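Student: I would like a close look at one part of this structure, a place where two elements pack against each other. Please set it in the context of the chain.

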Amino acid sequence: MNSIRPLVSFIILIALVKTASAGPNAAQCKEEIRLGLNACKPVVYGKSPSAECCHRVRVSHVECVCPEITPKVAVLIDINRAVRLVQGCGRRVPRHFKCGSITTP
């Protein structure tokens with residue numbers, strides 16, 4: 001369970017952020033997730049997001065992250081904390097956004 005927490009935290013942070021650029025390929029998505037995990041690991045342990053973590057939140061593609069939100073992962077997410085973290089990085093959270101579902105924009 002502890003090994004999934006960094007991934008969950010990163011997913012929480014960027015899953016709610018929609019970017020407007022063209023979608024990345026599978027290799028680019030894998031790299032985005034790797035970079036985000038490394039940048040945002042301290043958030044798992046209660047620290048505030050670093051400048052690098054917030055940068056990853058802003059530039060990562062929702063289409064890379066949302067497929068990683070499975071029902072098992074979703075139960076680990078404190079959605080209110082996730083929203084506060086994303087907003088703390090200067091991003092708006094779209095109203096009624098549901099990452100990991102068929103309603104994902």
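Tutor: Helices (H or I, at least four residues) and strands (E, at least two) are DSSP runs, numbered from the N terminus. By that rule the chain has 6 helices and 0 strands, and its elements follow the order α-α-α-α-α-α from the N terminus. This is a predicted model, in which local features need pLDDT of at least 70 and side-chain atom pairs pLDDT 80 or more, while totals for chains, interfaces and linings use all residues. Residues are numbered from 1 along each chain as its sequence is written, and side-chain values use heavy atoms, with hydrogens and water left out.

The part to look at is the packing of helix α2 (residues 26-44) on helix α3 (residues 51-59). Two packed helices are described by the angle between their axes and the distance between the axes. Axes here are lines fitted to C-alpha atoms, for helices over the stretch in contact, and angles run from 0 to 180 degrees between N-to-C directions. For α2 and α3 the angle is about 140° and the axes are 8 Å apart. The two helices are therefore oblique to each other; angles under 35 degrees count as roughly parallel, over 145 as roughly antiparallel, 65 to 115 as roughly perpendicular and the rest as oblique. The α2 and α3 crossing is left-handed, meaning that the near helix is turned anticlockwise from the far one by less than a right angle.

On the α2 side, the contact (heavy atoms within 4.5 Å) is made by Glu 32, Leu 35, Gly 36, Ala 39, Cys 40 and Val 43. From α3 come Glu 52, Cys 53, Arg 56 and Val 59. These residues divide into 6 nonpolar, 1 polar and 3 charged. In this count Ala, Val, Leu, Ile, Met, Phe, Trp, Tyr, Cys and Pro are nonpolar, Asp, Glu, Lys and Arg are charged, and the others, Gly among them, are polar.

Ser 60, in the loop between α3 and α4 (62-65), reaches the backbone oxygen of Arg 56 with its side chain at 2.7 Å. Ser 60 has 0% relative accessibility and counts as buried, where buried is under 20% relative accessible area, exposed over 50% and partly exposed in between (1.4 Å probe, protein chains only). Across the chain, buried residues make up 38% of the 105 residues.

Definitions and conventions: A polar contact is a pair of N or O atoms within 3.5 Å; within protein, one must be able to donate a hydrogen and the other to accept it, and residues adjacent in sequence count only if both atoms are side-chain atoms.
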